[in-house]
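Hi everyone, thanks for coming. I'd like to walk you through one structure today, so please have a look at it with me.

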Amino acid sequence: MMIMKTTAFLKDSQGRVIQKQNLQVGCQQEFDVEKLKDGVYFVELQLAKGKSITHQFYINH
């Protein structure tokens, strides 16, 4: 059995990586966004075989 590795990146509006997590199947994981400034951010999931999914979101404390 092969386990697919997924990595999640939290990026700022300039594309700089702020946080990185290796995701595990069946585990809930969170990014700490408490100290981030208000603005636009992205979560990018890098999947197996070079595929990725990106989601844009806004922080407004």
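Let's start with E44, which counts as buried at 12% relative accessibility; buried here means under 20% relative accessible area, exposed over 50% and partly exposed in between, with a 1.4 Å probe and protein chains only. Before going on, a word on the source: this is a predicted model, where local features need pLDDT of at least 70, side-chain atom pairs count only at pLDDT 80 or more, and totals for chains, interfaces and linings use all residues. Residues are numbered from 1 along each chain as its sequence is written, and side-chain values use heavy atoms, with hydrogens and water left out.

So which side chain does E44 meet in a salt bridge? The partner is K11, at 2.5 Å from N to O; the term covers a side-chain nitrogen of Lys or Arg within 4 Å of a carboxyl oxygen of Asp or Glu. E44 sits in strand 3 (residues 39–46) and K11 in strand 1, so this pair ties together parts 33 residues apart in sequence. Strands are DSSP runs of E, at least two residues, numbered from the N terminus. K11 is buried too, with a relative accessible area of 18%. Setting aside residues up to four places away in sequence, K11 touches R16, V17, I18, Y41, F42 and E44, where contact means heavy atoms within 4.5 Å.

A search of the whole structure finds 2 salt bridges. The other one to show you joins R16 and D12, with the closest N and O atoms 2.7 Å apart. Here R16 counts as exposed at 53% relative accessibility, while D12 is buried at 11%.

Strands 3 and 4 are joined by 8 bridges, and L45 has I53 in strand 4 as its bridge partner.

Finally, the core. What makes up the largest nonpolar core? Its 7 residues are A8, L10, F31, L36, Y41, F57 and I59; such a core is a set of buried Ala, Val, Leu, Ile, Met, Phe, Trp, Tyr and Cys residues joined through side-chain atoms within 4.5 Å.

How values were computed: Helices (H or I, at least four residues) and strands (E, at least two) are DSSP runs, numbered from the N terminus. Two strands pair if DSSP finds at least two bridges between them.
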